[in-house]
Amino acid sequence: MEANEILAKAESLRNGLSTGFRDEIVKSLYTEAETIAKRAVKSISDKKYDFDQKIDRLVTSPYAGLPIMLLLLSLIIWLTVSGANVVSGWIAVVLFGIGDYGRALFNQIGAPWWLTGFLWDGVYLGLAWVVSVMLPPMMIFFPAFTFLEDLGYLPRVAFNMDWLFKKTGAHGKQSLTMAMGFGCNAAGVIATRVIDSPRERLIAILTNNFVPCNGRFPTLIMLATVFVAASFPPALTSFIAAGTVVGVVLIGVMFTFLASWILSKTVLKGEASAFTLELPPYRRPNVSRILYTSIIDRTIFVLWRAMQTAAPAGALIWVLANIHLGDSNLARMIADWLNPFGLLLGLGWSHSSGVHHRHPRK
């Protein structure tokens, strides 16, 4: 029999195999490897391995795995919200104090009113708001998330969600790419290369964006605190904000499952491939690596991008608020025009522009 005939025969037989056949092959390989290792290797770390196994029996349990995952996420977000509220107030006092001093200095040296307003009430005030609101949650959330990542917990998250992806007709490895998407959606998309099937790889790419990356968490926390938690008593603010962010994350995960299921049943129809995940051992977190990754690679990078948007946005808002047409200004006219659309989204009209401005001296 020629090589082409052998390959064709193997391909025809492969299509008739059940999805559990590959799992059985992998299981037999690991069983044989374990038998050989027990005969040939003696290790002094058996006790540590047993401790890892005990932890995994709990965190990967079909009953306790998902609740523990939600509890850890809720705890991190609650710590972020409750801690950020205090630190944010301190930073705001310092930055706004600098703004008042700079404004007073420009007035003393006789700077034109428009220059003082543009620089200090427009550009600087926009930057001060962004830094005071976004920096504290990032400095708490990113190290906490990086700690779980460095500890080796994220593969356990993927393991817990593997069976859910199989239900949607997607590949189990999509749970790994989704878990990486919590850190960075771009990294999650790149990680889809581990999925062999082009169909399942495309599903993972198209749905990864539903998972909020950690760059969006500071914004989600801010929105949850301002628009949701503000309606509750101060004692419940941090709990309500944390619950809201967790709810948004769960909605994103649900849309990931829903979109994966729809795609696998329509334009990307097919059967889910088998998936075997080898869980890495738990590692002692490296504090220096956690601080570098969370502060330099994530916090400063995300904050810098936000500042690049905040500075021109603050300047534009100040300019619009100080160009008058009749008894009104451009900012208020635009807000009046957008008001019906805002009401549809549940947003109310604020008659305060939030921008300090001065008219030119006569």
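**Aromatic pairs and a nonpolar patch**

Mentor: Ring pairs link Phe106, Trp120 and Tyr124 into a cluster. Please keep in mind that this is a predicted model.

Trainee: How many aromatic pairs are there by this rule?

Mentor: The count is 9 aromatic pairs. In one of them, the ring centres of Phe210 and Phe255 lie 6.1 Å apart with the planes at 25°, so this pair is stacked.

Trainee: Which parts does that pair tie together?

Mentor: Phe210 belongs to the loop between helix 9 (198–207) and helix 10, and Phe255 to helix 11 (residues 237–265), so the pair joins parts 45 residues apart in sequence.

Trainee: Why does Phe255 count as partly exposed?

Mentor: Its relative accessibility is 43%, and partly exposed covers the range between under 20% for buried and over 50% for exposed. Phe210 is also partly exposed, at 36%.

Trainee: Turning to charges, what sits over the ring of Tyr282?

Mentor: The charged end of Arg156 does, 4.1 Å from the ring centre.

Trainee: And the surface: which residues make the nonpolar patch?

Mentor: Leu223, Val226, Phe227, Val228, Phe232, Leu236 and Phe239 form it, with an area of about 630 Å². Helix 10 (residues 217–228) supplies the largest share, 4 residues. Leu223 is in helix 10 and is partly exposed at 36% relative accessibility.

Trainee: Where does Leu79 lie?

Mentor: Leu79 is in helix 4 (residues 65–108). Beyond its neighbours within four places in sequence, Leu79 contacts Ala84 and Ile140. The C-alpha atoms of Leu79 and Pro137 are 9.1 Å apart, with 58 residues separating the two in sequence.

Terms used: Residues are numbered from 1 along each chain as its sequence is written. This is a predicted model: local features need pLDDT of at least 70, side-chain atom pairs count only at pLDDT 80 or more; totals for chains, interfaces and linings use all residues. Side-chain values use heavy atoms; hydrogens and water are left out. Helices (H or I, at least four residues) and strands (E, at least two) are DSSP runs, numbered from the N terminus. Contact means heavy atoms within 4.5 Å. Patches are made of residues with over 30% relative accessible area and no salt bridge: like charges are joined within 9 Å, nonpolar side chains (Val, Leu, Ile, Met, Phe, Trp, Tyr) within 5 Å. Accessible areas come from the Shrake-Rupley method with a 1.4 Å probe; for residues, only the protein chains shown count as cover. A salt bridge is a side-chain nitrogen of Lys or Arg within 4 Å of a carboxyl oxygen of Asp or Glu. Buried means under 20% relative accessible area, exposed over 50%, partly exposed in between (1.4 Å probe, protein chains only). Rings of Phe, Tyr and Trp (its six-membered ring) pair if their centres lie within 6.5 Å; planes under 30 degrees apart count as stacked, over 60 as edge-to-face and the rest as tilted. A charge sits over a ring if NZ of Lys or CZ of Arg is within 6 Å of the ring centre and within 35 degrees of the ring normal.
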